[in-house]
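The stops below each begin with something to select.

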Amino acid sequence: MQLRRLPVTSPPIPQGGGRVRSAAGELAKIVDGGSYRYLAYLEFLPEAGKPRGNHYHAARTETLYVISGRLRGVFLDLDSGERVEALLEAGELVTLAPRCAHVFQALERAQAVELADRPYDPADTFPCAVSDAAS
């Protein structure tokens, strides 16, 4: 799991990504280069009382960019056993390698986009109780 905050910057946005805020709104360069075969918009509602996730993928690398709101993320590297809990806020980017189990809980209404290097394949989604909250 790799977590980083995209810096707020001025144009041109650096190669590693960043955010430009202007009177017209915000532009965030999340990725530049690479091959992506999946893009999804996610909404997280705290009143639902249910997290998203509690699973891992054996072959897929996912990147989640938080557009707005706050999420609690819990990540478990199945190979090393390392467990990390993080507060994710707008502007943060988390990349999940294969075999990194994950779950996201809304702390407030949140929006995110998810990119992946492979199309969604239900056969590559394996339940894994990262958090005691039900998925």
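Predicted model: local features only at pLDDT ≥ 70, side-chain atom pairs only at ≥ 80, totals over all residues.

Residues are numbered from 1 along each chain as its sequence is written, and side-chain values use heavy atoms, with hydrogens and water left out.

**The largest pocket**

Select Leu42, Arg52, His55, Glu62 and Glu114, which lie nearest the centre of the largest pocket, among 17 lining residues. A pocket here is an open set of points on a 1 Å grid over the protein atoms alone, where a 1.4 Å probe fits, with protein on both sides within 12 Å along at least five of seven lines; lining residues have an atom within 4 Å of a point. The volume is about 240 Å³, taken as the space filled by probe spheres set on the points, with grid points joined across faces, edges and corners.

Now colour the strands β4 (38-44), β5 (52-56), β6 (62-68) and β10 (100-106), each of which supplies at least two residues of this lining. Strands are DSSP runs of E with at least two residues, numbered from the N terminus. β4 gives the largest share, five residues. By class, the lining of the largest pocket has eight nonpolar, five polar and four charged residues. In this scheme Ala, Val, Leu, Ile, Met, Phe, Trp, Tyr, Cys and Pro are nonpolar, Asp, Glu, Lys and Arg are charged, and the others, Gly among them, are polar.

**The second largest pocket**

Next select Gln2, Arg4, Ile30, Val31, Tyr36, Thr61, Thr63, Leu93, Thr95, Leu115, Ala116 and Asp117, which line the second largest pocket. Two or more of its lining residues come from each of β1 (2-5), β9 (92-96) and β11 (110-116). Its volume is about 160 Å³, and its lining divides into six nonpolar, four polar and two charged residues.

**Gln111**

Stay on β11 and select Gln111, which is found in that strand. Gln111 is buried at 19% relative accessible area; buried means under 20%, exposed over 50% and partly exposed in between, with a 1.4 Å probe and protein chains only. Show its side chain with that of Tyr41: a polar contact of 2.7 Å joins them. Such a contact is a pair of N or O atoms within 3.5 Å; within protein, one must be able to donate a hydrogen and the other to accept it, and residues adjacent in sequence count only if both atoms are side-chain atoms. Leaving aside residues up to four places away in sequence, Gln111 touches Tyr41, Leu42, Tyr65, Val66, Ile67 and Ser68, where contact means heavy atoms within 4.5 Å.

**Cys100 and Cys128**

Select Cys100 and Cys128. Cys100 is buried at 4% relative accessible area, and Cys128 is buried at 17%.

**Backbone stops**

Go to Pro12, in the loop between β1 and β2 (18-22). The peptide bond from Pro11 to Pro12 is cis, with omega near -5°.

Then select Asn54 in strand β5. Asn54 is not a glycine, yet has a positive phi of about 60°, and is buried at 7% relative accessibility.

Finish at Arg99, in the loop between β9 and β10. Its phi is also positive, near 70°, and Arg99 is partly exposed, at 31% relative accessible area.

Terms used: Helix = DSSP H or I, 4+ residues; strand = E, 2+ residues; numbered from the N terminus.
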